[in-house]
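Here are my notes on this entry. Please read them beside the coordinates.

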Amino acid sequence: FVTVQPYSFNALGNGPLYGWTWLSNKGDQASWIFKLESEPIKVKAAALNFSLLVTNQVNGGSGYTSNPKVKIFDLNGNLLGSSTLYLVNTFRPKYSGNTVGIGYPASDAIEHSLIKQLVSQGQSFMVNIEWPAPDKNHFAAKKDSVLLAYVMSSEPSKQSDQNSREQKERK
């Protein structure tokens, strides 16, 4: 099991406010670059885990969700793929008035074959989200809002196969 922090983070929006940049105007966006070793590896599963803040408006309320589009680019700026993020906020009660930041955290993960392929090939990439999402809710991001996690395949070597056969034969 391996986790990879973003190599870099860039945001265009309102902030940083307490380390977070709010995306709430047309054109606001956040991007993360993941630099990977260029050696190919065998990967069983890979995912991007997102932890953002979501609210309904400036000085907004608690319990809101959002569905921004996530785009994945190579480091030359070529679009490789996209997916919708379903940021779930489990805080209750949902309240539209100013909750002073309480009840804003929301999360989701994208486990997509493209991410598995990029990690397997050791290809660095950029992840991007921008405002607005269809619901027009505001969301905030920072460098550690996205974490890449993957599980490597473990294929037994011929030596360990040989050892297990020998142990069975002894019994």
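Which residues does Thr99 touch, not counting residues up to four places away in sequence?

1. Thr99 touches Gly60, Gly61, Ser62 and Tyr104. Keep in mind that this is a predicted model. Thr99 sits in the loop between strand S8 (79–84) and strand S9 (105–110). Thr99 counts as buried because its relative accessibility is 13%, and the cut-off is under 20%. A polar atom of its side chain lies 2.8 Å from the backbone oxygen of Ile102. Thr55 is 44 residues from Thr99 in sequence, yet the C-alpha atoms are 9.6 Å apart.

2. Next, the rings. The whole structure has four aromatic pairs. One of them joins Phe9 and Trp32 and is tilted, at 5.4 Å centre to centre with 40° between the planes. Phe9 belongs to strand S2 and Trp32 to strand S5, so this pair ties together parts 23 residues apart in sequence. Trp32 is buried at 0% relative accessible area, whereas Phe9 is partly exposed at 25%.

3. The Phe34 and Phe125 rings have centres 5.4 Å apart and planes at 25°, so they count as stacked. Phe34 is in strand S5 and Phe125 in strand S10, so this pair links parts 91 residues apart in sequence. Phe34 is buried at 0%, and Phe125 is buried at 0% too.

4. Ring pairs also link Phe9, Trp32 and Phe50 into a cluster. At Tyr7, the charged end of Lys35 sits over the ring, 4.4 Å from its centre.

5. Last, charges. The structure holds one salt bridge. It joins the side chains of Lys142 and Asp144, at 3.9 Å from N to O. Lys142 is partly exposed at 25% relative accessibility, and Asp144 is partly exposed at 48%.

Note on methods
Residues are numbered from 1 along each chain as its sequence is written. This is a predicted model: local features need pLDDT of at least 70, side-chain atom pairs count only at pLDDT 80 or more; totals for chains, interfaces and linings use all residues. Side-chain values use heavy atoms; hydrogens and water are left out. A salt bridge is a side-chain nitrogen of Lys or Arg within 4 Å of a carboxyl oxygen of Asp or Glu. Buried means under 20% relative accessible area, exposed over 50%, partly exposed in between (1.4 Å probe, protein chains only). Helices (H or I, at least four residues) and strands (E, at least two) are DSSP runs, numbered from the N terminus. Contact means heavy atoms within 4.5 Å. A polar contact is a pair of N or O atoms within 3.5 Å; within protein, one must be able to donate a hydrogen and the other to accept it, and residues adjacent in sequence count only if both atoms are side-chain atoms. Rings of Phe, Tyr and Trp (its six-membered ring) pair if their centres lie within 6.5 Å; planes under 30 degrees apart count as stacked, over 60 as edge-to-face and the rest as tilted. A charge sits over a ring if NZ of Lys or CZ of Arg is within 6 Å of the ring centre and within 35 degrees of the ring normal.
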